[in-house]
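Subject: Structure handover

Hello,

Here is the structure I said I would pass on. My notes on it follow below.

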Amino acid sequence: MREILAEAKTVRELLKGVKYSIDYYQREYKWHEKQIRELVDDLSDSFLEEYQPTHSRDKVADYPHYFLGSIIISKKGSVGCIVDGQQRLTSLTLLLVLLRNMQKKHGAQVNVDELIFSEKYGQKSFNLDVNERTPAMDALYEGHAFDVTDRPESVQNLVDRYHDLETWFPEDLRAAALPYFIDWLLENVHLVEITACSDDDAYRIFETMNDRGLSPSPTDMLKGYLLANIDETKRTAANTRWRDRIRELNEAGKEVEPDCFKAWLRSQHATKIRERKKGAKPEDFDRIGTEFHRWLRDAADAVGLKHSDDFFRFIDRDFDFYSRQYLRLIEAAQKPVAGLEHVLYNAQQGFTLQYMLLLAPLRPDDSQPLVVRKIGLVAQYLDILLTRRLWNSRTIAYSTMQYAMFLVMRDIRGVALDALAHKLHEFLSKEDETFASNDRLRMHQQNRYALHRILARLTDYIETQSGQPSHYLDYMSEGKTRYEIEHIWADHPERHADEFPHPADFAEHRNRIGGLLLLPKSFNASYGDLTYAEKLPHYNTQNLLARSLHPQCYELNPGFLRFKEQSGLPFVPHAEFKKADLEKRGQLYRLIAEHIEAADPGAVAVPWMLPGATDSKFYARLGAACYGFSPVKLGPMTPFGSLYHANDERLPIDGFYWGLRLYTEVVLSFLGIRFDSVFE
């Protein structure tokens, strides 16, 4: 092996005026949202521990330094070929592009262009030089949209991860702190560059760093600690239980196992969280996130691990129960699961903090129906909270939400169902912002993906409430058949000069939510530039939200008309679409969002007085007190009072089966029989 050079470099030193290439077998960029979010959270948390608004810019030089890892380079002339570290360098470059674009609105700007690209003979080329990525990088650099249809996986990931950065970059750093953060990133964040003179040497270094033995994972070390404290008579059973549960977690995904432990232990045992100030020490919440195996050893007494039976119960009951519920949540985060639909909605917002909150109110002796109802309530609370924040242009980034969600988690830990409903209602009632707080919601570069999800929910809601099947997953899917946000007004301000003398005013109104729809990409390509009058007949062939613009939607459409009447929502056709129409449409969208917020479980059960005959009078003569219990689940728009003993007497079928299940659970509970032991 020839000479090997290893040098610690700042981000500026590593990227300024340097060209890197990537070998063909290394070219796939595969980071997911999780890795991007962790990168942003780690960097922002480290910076914010020291940053104070009163500091001058030169004070950043005294801030602590941060180590971002190493990269391995094979030197080929003036170009370094990346053998290991391209995921990190690509993500770092995307972050620099985002920071460049975010600075456009700021007076004080830090020059990052020279770290992103270099120019020679008037030709610009990116410092991380991969030909297939260049068109996408050009678009991102200029702040333009980029169509990833039929593009390679790396390019699709590249664009998606940039949008993740837009979503998860903390609100705390977007204003006055931005130039400080960029200074810190360029000068105080370090990587070690290991350079070899040949590919063979570089790959040998890579293998040495990655393949010399397998260190035990935190889970392995936790297992050893727990089993060592269990009597030999029960150790085999505990080990079998552990092995089976770990196998299922690993089968569910690469990071599911450690994430399960973090969510479970935080949900049940974290009592403190580190303050965001200089010198603050990590508390329960933080240590569980970084070293849960060491934390549990230190906190054993507080957790109740004192004797062999305690350790056995911790594995046999607690780990078994919470890992099963976590796997249930992972499934619900990937596809619709009855009663847990809001888990999917929150997951599609990228809100990973939800898992610890969903586990928090659960107890190992809760029946499975009760588990589902508790999870459903918390997931619905989060859905409302997150959607309200997005509607009001507030971030839901991990670092911004972490402390508030910790407090909620701690407050709902282990509570009963009725208390949980009241607590969550109380939390929401204390929020200052509702859907009514913002009547000028508009789409911009940072929120377009959030608005896509909101439009998908609005569209799906009115369709399912009108008796149509759900197409929510279609509205959210990727690929050639994906849906995109459609502007009802084409980008032609001259067509609207009578109402908007200035193009900027037109653009602001054009992007408001009342002027947006969710339609197939092919529709946008074919009709997006037409006038409203030309588009209107085509809207009548699309989803129900688009069709509701057309007069024919209000003819021979009984499901929709019934929903319109029962909901009271102000649906009206629009023969033309002027400024006043857009504003009416925006109010309609807001009201639909409020209906979605109110249309799910979470209400308090109410008694119903039945002034009719009952056989209970015969039992009363025997001294037995009788109370009627006929639970039924009714939607918020169900006119129950006008349905019983009427010509069209009926109950919702799903509400009837819900009541039957609840009735059975109550009777079995009265007899001391677990519901799940009979039916599951």
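His 550 touches Leu 536, Pro 537, Asn 540 and Pro 573, leaving aside residues up to four places away in sequence; a contact here means heavy atoms within 4.5 Å. The loop that holds His 550 runs between α25 (544-547) and α26 (558-567). Helices (H or I, at least four residues) and strands (E, at least two) are DSSP runs, numbered from the N terminus. His 550 counts as buried because its relative accessibility is 12%, where buried means under 20% relative accessible area, exposed over 50%, and partly exposed in between (1.4 Å probe, protein chains only).

Before the rest, two notes on the source. This is a predicted model, in which local features need pLDDT of at least 70 and side-chain atom pairs count only at pLDDT 80 or more, while totals for chains, interfaces and linings use all residues. Residues are numbered from 1 along each chain as its sequence is written, and side-chain values use heavy atoms, with hydrogens and water left out.

The chain as a whole

The protein chain has 30 helices and nine strands. Of its 680 residues, 48% count as buried. Among contacts with a separation of 6 or more, 72% are between residues 24 or more positions apart.

Helix α9 (residues 218-228) packs against helix α12 (residues 284-298) at an angle of about 25°, and their axes are 7 Å apart. Axes are lines fitted to C-alpha atoms, for helices over the stretch in contact, and angles run from 0 to 180 degrees between N-to-C directions. This makes α9 roughly parallel to α12, a label for angles under 35 degrees. On the α9 side the contact is made by Pro 218, Thr 219, Met 221, Leu 222, Tyr 225 and Leu 226, and on the α12 side by Phe 292, His 293, Leu 296 and Arg 297.

Helix α17 (residues 368-391) has 24 residues, which at 1.5 Å a residue should span 34 Å; its end C-alpha atoms are 34 Å apart, so the two agree. The expected span is 1.5 Å times one less than the number of residues. Since 21 of the 24 residues of α17 are buried, the helix is largely enclosed by the rest of the structure. Ser 393, which follows α17, has a positive phi, near 60°.

In helix α2, the buried residues are Ile 36, Arg 37, Leu 39, Val 40, Asp 41, Leu 43, Ser 44, Phe 47 and Leu 48.

Regards

Key
Angles under 35 degrees count as roughly parallel, over 145 as roughly antiparallel, 65 to 115 as roughly perpendicular and the rest as oblique.
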